[in-house]
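Open the model in your viewer and keep the selection panel at hand.

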Amino acid sequence: MLLAFRCALASQRVSATAIEANEFPQLAQELGVYAVPRIVVDGEPRWDGSVPEAEFLRRILA
Amino acid sequence: MTMRNADRLASMPLLRPEEETKLRGWFAELQRPVELLVALGPEETPRPGSGDVDFGEEMVRVCEGLAELGGCVTCRVEDEPEGFPRFPAVSVRPEGRDVGVRYDGLPWGYELGSLVGAIVDAGRAEPTLRPESLEALEDLDRDLTLDVFVTPT
């Protein structure tokens with residue numbers, strides 16, 4: 001989660017929100033959240049799980 | 001006598017003494033003020049077993065509790081402010097500016113660490129990413145929205 005926050009703090013172009021899946025079950029269901037952390041980029045589910053910083057950047061910018 | 005979940009929660013300390021000491025140390029080193037803007041409003045269905053817990057009230061308790069640990073951290077509460085699609089939520093704002101760092105829902109359990117991490121990073125004058133990551137972000141020519149679904153455990 002922290003990597004997403006760090007990207008938002010580093011760039012005005014990026015916003016990052018942590019969403020507590022249990023508390024927003026409808027949204028979590030819509031985005032097929034079965035494992036966490038689930039990373040959603042521009043509204044599109046992209047991957048589950050933590051990755052190193054370089055890989056995180058590569059994936060969100062792909 | 002039975003105790004309501006909300007009362008039980010309210011009587012629980014937010015942090016263990018050793019955690020509180022550690023956070024006080026981190027918050028003392030912040031290089032700029034960080035505001036926690038707590039947004040309250042209509043909430044979705046409570047999680048099973050949460051019973052009578054008022055998530056908004058608990059969010060305020062958590063954020064005010066964190067703000068008490070460092071002079072640079074403040075907490076403000078608003079009812080349904082603009083730009084918040086879900087409640088409760090907290091926006092982490094360096095020098096009171098909305099830079100797009102938000103936590104929707106209660107940062108329970110391990111997730112309290114994410115909120116604390118956001119505060120510590122927001123309080124730094126310089127970004128904490130590696131230089132090559134910063135370069136990659138500098139080249140970004142469009143807005144990017146990251147949502148990360150988390151759970152407390």
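Select A:I19 to begin: opposite this residue, in strand 4 of chain B, stands B:D104. In strand 5 of chain B, A:I19 has B:F149 as its bridge partner. Strands here are DSSP runs of E with at least two residues, helices are runs of H or I with at least four residues, and both are numbered from the N terminus. What you are viewing is a predicted model, in which local features need pLDDT of at least 70 and side-chain atom pairs count only at pLDDT 80 or more, while totals for chains, interfaces and linings use all residues. Residues are numbered from 1 along each chain as its sequence is written, and chains are lettered from A and ligands numbered from 1 in the order in which they are written.

Now widen the selection to whole strands. Strand 1 of chain A and strand 4 of chain B pair in the parallel sense over 4 bridges; strands count as paired if DSSP finds at least two bridges between them. Strand 1 of chain A also runs parallel to strand 5 of chain B, joined to it by 7 bridges.

Go back to B:D104 and look for B:A89, which stands opposite B:D104. Strand 3 of chain B (residues 89–94) pairs with strand 4 of chain B in the antiparallel sense over 3 bridges. These two strands form a hairpin with 6 residues between them, and B:E95 in the turn has a positive phi of about 50°.

Which way do the residues of strand 4 of chain B point? B:V101 and B:Y103 point one way, B:R102 and B:D104 the other way, and all are buried. Buried means that 20 or more other C-beta atoms, placed from the backbone, lie within 10 Å of the residue's own; exposed means 12 or fewer, and partly exposed is in between.

Next, select helix 1 of chain A, residues 2–10. Of its 9 residues, 7 are buried, so helix 1 of chain A is largely enclosed by the rest of the structure. Among the buried ones are A:L3, A:F5 and A:L9. Within chain A, the buried residues of this helix pack against strand 1 and helix 3; in chain B, they pack against strand 4, helix 4, helix 5 and strand 5.

Axes are lines fitted to C-alpha atoms, for helices over the stretch in contact, and angles run from 0 to 180 degrees between N-to-C directions. The contact is made by A:L2, A:F5, A:R6 and A:L9 on one side and B:S114, B:G117, B:A118, B:D121 and B:A122 on the other. Residues are in contact if their C-beta atoms, placed from the backbone, lie within 7 Å.

Finally, show both chains together. The contact takes 38 residues from chain A and 38 residues from chain B. On the chain B side, strand 4, helix 4, helix 5 and strand 5 each supply at least two residues, and strand 5 gives the most, with 7 residues.

Color chain B by secondary structure to end the tour: chain B has 5 helices and 5 strands, in the order α-α-β-α-β-β-β-α-α-β along the sequence. Of its 153 residues, 37% count as buried.

Conventions:
Contact = placed C-beta atoms within 7 Å.
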